[in-house]
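I opened this entry to record what I looked up in one chain, item by item, with the cut-offs written beside the terms.

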Amino acid sequence: MMVRRSVILLVVLVILTGCKGGSGKISSRDEVEMVRIPMISGYTEVDDPIYQDFYMDVTEVTVGQFKKFLKSSGYKPEKPIDWAELFKFSPTDKHPMIRVSWHHATAYAKWAGKRLPTEAEWEFAARGGLVNKTFPWGDDESIAREYANFYGTGGKDQWDGTTARVGSFLPNGYGLYDMSGNVWEWCQDWYDEGKEYRVCRGGSWSNSMLSQRVAYRVNDVPTAANYYVGFRCVLESK
Ligand SMILES: [Ca+2]
């Protein structure tokens, strides 16, 4: 009985606290809308508990926002961004920034007064207040294309071979868009003990539905700048 009560209490807590997600919106230097992600418990599948509320960008950082950063900060990427290649997959300022290395993403975050999410923060936020679900919207694969741009088309997913404008799909329970699909998102953490690879989460337009699972993990070297990887930022709660 105690176990059952605990489960019920947890569910109630998730519902009550989950309601706070989406409130307390703030703006930041890069003028990206952020929402407060309420700390509930460490129910991610990575061994790194969340200790406090934090804010997360509601969308992936866009091409337009990244251009603004470059212009305003004077940041010079160690390896120039190949804009011609980038525009093939992210053609407007409203599309997610891609061909962006972990170093570029980190520089952007620093300029904006933010940082990249830890892997645990990313997954916690992606779950949108749901517990033990496969995707940010739950377990139902039949509605995947209402929430995510991944390989192929159908429903809201009209993009085949490119990113979609950020926020083109339904948000998760915290009001976060594209936590599955569109572009993989760089996380702060090293993937390996040897510290060669950084974590990327969330699946992309070029991957199957399986890669859109909320616990799915991939990695790349921090200098890699691919057409299927972007990022979003977080801000610690004061
Ligand atoms: Ca697609």
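My notes follow, from the whole chain down to single residues.

**Ground rules.** I am working from a predicted model, in which local features need pLDDT of at least 70 and side-chain atom pairs count only at pLDDT 80 or more, while totals for chains, interfaces and linings use all residues. I number residues from 1 along each chain as its sequence is written.

**Whole chain.** I listed the secondary structure and got six helices and seven strands, taking helices (H or I, at least four residues) and strands (E, at least two) as DSSP runs numbered from the N terminus. Along the sequence I read the pattern α-β-β-α-α-α-α-α-β-β-β-β-β. Of the 238 residues, 45% count as buried; a residue is buried if 20 or more other C-beta atoms lie within 10 Å of its own, exposed if 12 or fewer, and partly exposed in between, with C-beta atoms placed from the backbone. I then looked at contacts, where two residues qualify if their C-beta atoms, placed from the backbone, lie within 7 Å. Among contacts between residues at least 6 apart in sequence, 65% join residues at least 24 apart.

**Sheet.** In which order do the three strands of the open sheet lie? I found β1-β2-β7, with antiparallel pairing, where two strands pair if DSSP finds at least two bridges between them. The edge strands, each pairing on one side only, are β1 (34-37) and β7 (234-236). From one strand to the next the twist averages 25 degrees, with axes taken as lines fitted to C-alpha atoms (for helices over the stretch in contact) and angles running from 0 to 180 degrees between N-to-C directions. Between β1 and β2 (residues 54-57) I noted four bridges, and Val 35 has Met 56 in β2 as its bridge partner.

**Helix α4.** For α4 (residues 102-111) I listed the buried residues as Trp 102, His 104, Ala 105, Tyr 108 and Ala 109. They lie on the same side of α4, because they cover an arc of only 160 degrees around the axis, the arc being that of the directions from the helix axis to the C-beta atoms. Their cover includes α2 (63-73), β3 (184-190) and β4 (198-201). Just after α4, I saw that Gly 113 has a positive phi of about 80 degrees.

**Helix α5.** Why is α5 (residues 119-126) largely enclosed by the rest of the structure? Eight of its eight residues are buried, among them Trp 122 and Phe 124. I found β1, β2, β3, β4 and β7 included in what covers them.

**Loop residues.** Most residues other than glycine have a negative phi, which is the reason I looked for exceptions. Asp 178, in the loop between α6 (144-147) and β3, has a positive phi near 60 degrees, and with 31 other C-beta atoms within 10 Å it is buried. Lys 195, in the loop between β3 and β4, also is not a glycine and has a positive phi of about 55 degrees; this residue counts as exposed, with 9 C-beta neighbours inside 10 Å.

Leaving aside neighbours within four places in sequence, Asn 207 is in contact with Phe 150 and Tyr 151. Its C-alpha atom is separated by 9.2 Å from that of Asn 182, 25 residues apart along the chain.
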